[in-house]
Amino acid sequence: MITVPRHVIVDLLPLYLAGELSPETRDVVEGYLQTDVVLAAGVQAAAADSFPFEAAGVPAVPDLELQSVRRTRALLARLRWLFGLGLAFTAIGLSVAVSLGQGRVENVHLMMTDYPLPFGGCLLTGIGCWVGYQRLKRQLRG
């Protein structure tokens, strides 16, 4: 039988637990695990922790990683939309009117003072988008 150093077996353990080893290499790892009780106990614990839901009787969800990626992409797209809409509605709500006369600025005032309902509504919508953006950003962090 071939003597394999412990660190080589430890390097092979992730592939062993994933079932990716060839039958010959699997036999070598299993033979080594029969001689090293501590390492074998660690492998058994790791194998038991790999699928905690299946051990509890809950079936594994197929393509869980793909579903997670799709959900994250959708949340990031929503985050971008909220940012853009918040920026646009805030800019519209804070629009200014500039009066020019004789080559200089005579008057600058917020359009909200002349048309409070449409421009105030845009500003409130922009604030709502920013609140949604911040909440979603916290959700993606945590």
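Visitor: Where is D36 found?
Guide: D36 is in the loop between α2 (23–35) and α3 (37–50). Keep in mind that this is a predicted model.

Visitor: Is D36 buried or exposed, and why do you call it that?
Guide: D36 has a relative accessible area of 14%. Buried means under 20%, so D36 counts as buried.

Visitor: Which side chain does the side chain of D36 make a polar contact with?
Guide: That would be the side chain of R6, at 2.8 Å.

Visitor: And what lies 3.2 Å from a polar atom of the D36 side chain?
Guide: The backbone nitrogen of L39 does.

Visitor: Let's switch to α2. Which of its residues are buried?
Guide: The buried ones are V29, G31, Y32 and L33.

Visitor: What span should α2 have, and how far apart are its end C-alpha atoms?
Guide: With 13 residues at 1.5 Å a residue, α2 should span 18 Å. Its end C-alpha atoms are 19 Å apart, which agrees.

Visitor: New topic: at what angle do α5 and α7 pack?
Guide: Helix α5 (residues 64–93) and helix α7 (residues 116–141) pack at about 150°, and their axes are 7 Å apart. Angles over 145 degrees count as roughly antiparallel, so that is how α5 and α7 are oriented to each other.

Visitor: Is the crossing left-handed or right-handed?
Guide: α5 passes α7 in a left-handed crossing.

Visitor: How do the residues of that contact divide?
Guide: The contact of α5 with α7 has 17 nonpolar, seven polar and three charged residues.

Methods
Residues numbered from 1 in each chain as written. Predicted model: local features only at pLDDT ≥ 70, side-chain atom pairs only at ≥ 80, totals over all residues. Heavy atoms only, no water. Helix = DSSP H or I, 4+ residues; strand = E, 2+ residues; numbered from the N terminus. Buried < 20%, exposed > 50% of the residue type's maximum accessible area, 1.4 Å probe, protein only. Polar contact = N/O pair within 3.5 Å; in protein donor to acceptor, adjacent residues only side chain to side chain. Expected span 1.5 Å × (residues − 1). Axes fitted to C-alpha atoms, helices over the stretch in contact; angles between N-to-C directions. Parallel < 35°, antiparallel > 145°, perpendicular 65-115°, else oblique. Left-handed = near helix turned anticlockwise from the far one by under 90°. Nonpolar A, V, L, I, M, F, W, Y, C, P; charged D, E, K, R; others polar.
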